[in-house]
Amino acid sequence: MLLTLLLPALAARADEGMWLPLLLKQLNEADMQQKGLKLSAEDIYSVNRGSLKDAIVQFGGGCTGEIISNEGLLLTNHHCGYGQIQQHSSVENDYLTKGYWAMTREQELPNPGLTATFIVRMEDVTGPVLQGIPAGIQEADREKIVQQRMAEVSQKAVQGTHYKAFVRPMFNGGEYYLFVTEVFEDIRLVGAPPSSIGKFGGDTDNWMWPRHTGDFSMFRIYAGPDNKPAPYSKDNKPFQPRHSLPISLSGVQPGDFTLVFGFPGRTTEYLTSWGVDETYSVSDPAKVKIRDTKLRILDADMKASDKVRIQYAAKYASLANYWKKWIGEMRGLKRLDAVRRKQQQEQQFRQWVQAGDATRQAKYGQILGQLEQQYRTVRPYVQARDYVMEAALGIELLTYANAMQQYVDLVKDKAPQAEISAALEKTRRGTTGTFRNINISTDQKVAAALLPIYAENTPAELLPDHIKALRQKNTTPEAWQRFVADLYSRSRLTSEESAQKVLDEVAKGNISGILNDPAYQLVAPIVATYRQKVLPTYTQAQDQITLLQRTYIAGLREQQPQRKFYPDANSTLRVAYGQVAGYQPADGVQYDYYTTLDGIMQKADPTNVDFEVPQRLVELYEKKDYGPYAVNGTVPVAFTATNHTTGGNSGSPVINGRGELIGTNFDRNWEGTMSDLMYDPDRVRNITLDVRYMLFVVDKYAGATHLVKEMKLVGGPGQASAAPAAGDDKKVKKQKVKVKREKAAAVN
């Protein structure tokens with residue numbers, strides 16, 4: 001009876017979960033429809049006809065985008081397209097500050113290396129991957145077999161087609177799923193608002209609510225003449241999608257159903273108390289400390305120089321994003337008393353095990369004790385790893401110098417000249433990009449600040465001897481500054497010209513320029529010590545934790561057969577769903593569910609770069625020139641809902657119950673950032689850019705009305721709502737036979 005009373009505390013909370021689209025029919029369809037979904041699971045994910053999934057792409061390597069026209073127009077976040085906007089920017093053409101809008105197709109800008117990946121289909125392949133693997137096999141040996149099986153399954157699935165495929169583990173390797181993909185590589189920048197809109201609020205408002213950021217950018221997917229992926233060519237045509245999202249002008253109200261479709265990056269919802277404590281007490285504090293130091297240096301130099309600002313814009317944004325997220329995560333875990341709550345869950349699990357038969361006790365009886373031991377073993381190695389990765393290799397000169405190790409190895413191993421030449425060509429191209437986006441004076445300041453942090457916080461037994469000596473010699477900040485100044489003055493890897501000369505020498509078989517460079521001499525032992533002393537123990541412990549977690553999660557699923565379990569996020573396509581809602585962040589404080597253009601003007605501050613408002617926006621506001629996007633005399637900007645999201649969901653479409661786009665996900669609230677480890681239904685909220693503000697900026701602010709005309713707007717004055725079935729639009733019907741034929745090989 002006691003266990004029966006305690007078990008509900010372990011069940012998935014309301015609106016928690018990142019669900020595999022393939023399983024919506026059996027796990028979620030009824031609940032989603034009860035909350036307001038008008039579609040079927042088949043309308044969301046289908047292999048045989050166009051569905052919502054066919055309008056969703058993984059944008060680049062870490063964001064999501066959605067197709068909003070039948071001509072391949074792609075919508076994502078401004079911060080997701082930030083790197084591409086930066087690459088096209090210069091002091092003379094500062095698209096970061098001023099924005100960019102292609103008024104013709106010819107003005108749409110190519111982005112080498114950028115991809116957009118569709119999911120064609122997914123399949124449970126647990127059987128083929130795990131069949132015949134002995135139960136007691138070592139984790140490393142098991143992983144070798146699994147990796148080979150995954151490769152075989154992936155290759156077989158797409159043989160004879162232009163598709164690609166990969167297999168991902170779920171539940172720490174308890175299950176495996178195949179994903180067949182179609183990857184497009186000609187992606188062009190179409191439009192981006194100025195940073196005063198796309199980044200309004202800056203780091204001050206990042207992760208915060210209320211929010212007023214117009215966080216969007218637009219790209220277009222181009223394809224070859226057969227509508228299939230093709231390398232960039234002026235002859236390519238706009239891609240014709242199997243489905244594009246209609247855009248609703250109807251807006252949202254509290255309690256409205258919302259669906260987020262995207263590629264969430266990483267969550268660890270099933271961690272034990274020791275895993276949560278490691279994050280809360282060791283890893284997050286270390287990374288916050290290091291990034292706080294680095295960000296202050298970058299911020300000062302970026303404010304002093306437009307050139308430095310452009311060079312570091314994307315890097316600064318990336319660093320700051322997770323720096324602030326980790327701060328919120330620690331606060332959220334503390335407020336939830338997360339470690340104690342996990343301990344309570346573990347106690348319930350122990351009681352369940354002890355109440356079971358001998359088989360259950362033999363299978364699960366030692367799991368928690370073994371997990372505790374592995375976490376105790378790995379703790380100092382986690383600390384050392386964080387300080388190497390964030391502090392030592394957070395210095396760009398050392399990161400670049402470390403890349404030279406490959407040439408030392410190639411020459412010493414007498415590798416074929418063709419292999420060396422191929423590696424050199426790649427590094428030469430990378431060198432140009434590296435020095436285009438680095439200011440050596442700034443990096444020197446970063447080095448002077450981060451080297452002592454690395455030296456003084458890494459466990460002594462895991463430091464290389466030369467760093468121990470430096471720590472004893474340089475006992476003041478001034479001493480470290482003198483050491484670093486000498487390092488940068490003598491290194492040949494501090495400019496593109498001299499670095500290319502070092503590579504010229506390598507091409508002739510001479511690596512003395514690398515071996516004698518002080519930057520290389522500093523970083524090589526750091527990395528060698530990391531690989532010899534830190535990585536082996538860290539990897540072994542993490543492998544054991546993975547194995548034990550797999551068994552622990554299997555036990556939880558056996559303990560709670562009534563609970564619907566979802567796998568942790570791992571950058572695969574997922575559905576989250578919830579409802580529009582405000583929240584109460586603290587006692588006596590109540591946040592509404594939406595913000596408006598009025599709030600932008602209330603925050604406006606010309607003396608603070610985070611809250612500058614472009615004059616054109618002020619003029620539209622003063623004239624109330626809002627077009628069809630106005631609601632009650634203003635323009636909606638953002639809203640919150642209870643969807644469970646994480647990194648990678650940036651740019652994800654937020655869709656209403658009829659399958660219409662109502663916004664673009666771009667953030668979470670600060671009070672909810674701990675949802676990567678523990679979901680709190682009372683405070684976890686995803687933050688969405690209202691689609692009407694996006695349209696207002698594109699149409700009225702930028703004058704890019706031609707882009708709005710591409711879209712299918714529904715729900716406004718004089719317009720009908722979209723049809724409930726996502727697969728019923730005419731474009732899909734015309735292509736249905738062709739799509740089915742193209743997919744046949746992959747499906748079979």
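Modeller: A term to begin with: helices and strands are DSSP runs, numbered from the N terminus. This model is predicted.

Colleague: Where does Trp207 lie?

Modeller: Trp207 is in the loop between α10 and β10. In general, most residues other than glycine have a negative phi. Trp207 is not a glycine, yet its phi is positive, about 70°.

Colleague: Is Trp207 buried or exposed?

Modeller: Buried means under 20% relative accessible area. Trp207 has 5%, so it counts as buried.

Colleague: Which residue does the cis peptide bond join to Pro210?

Modeller: As a rule, most peptide bonds are trans. Here a cis bond links Trp209 to Pro210, with omega about 5°. Pro210 sits in the loop between α10 (202–205) and β10 (217–223).

Colleague: What is the phi of Lys414?

Modeller: Lys414, also not a glycine, has a positive phi of about 55°. Its place is the loop between α17 (405–412) and α18 (417–436). The cut-off for exposed is over 50%; Lys414 has 74% relative accessibility, so it is exposed.

Colleague: Now the core. Which residues touch the most other members of the largest nonpolar core?

Modeller: A nonpolar core is a set of buried residues joined through side-chain atoms within 4.5 Å. The largest has 203 residues, and those touching the most other members are Met218, Ile221, Leu617, Tyr693, Met694 and Phe696. Helix α24 (residues 518–559) contributes the most, 16 residues.

Colleague: What is Phe696 in contact with, leaving aside neighbours within four places in sequence?

Modeller: Its contacts include Leu597, Leu617, Tyr626 and Tyr701. A second, separate core has 14 residues, among them Ile133 and Tyr163.

Technical notes:
Residues are numbered from 1 along each chain as its sequence is written. This is a predicted model: local features need pLDDT of at least 70, side-chain atom pairs count only at pLDDT 80 or more; totals for chains, interfaces and linings use all residues. Side-chain values use heavy atoms; hydrogens and water are left out. Buried means under 20% relative accessible area, exposed over 50%, partly exposed in between (1.4 Å probe, protein chains only). Helices (H or I, at least four residues) and strands (E, at least two) are DSSP runs, numbered from the N terminus. Contact means heavy atoms within 4.5 Å.
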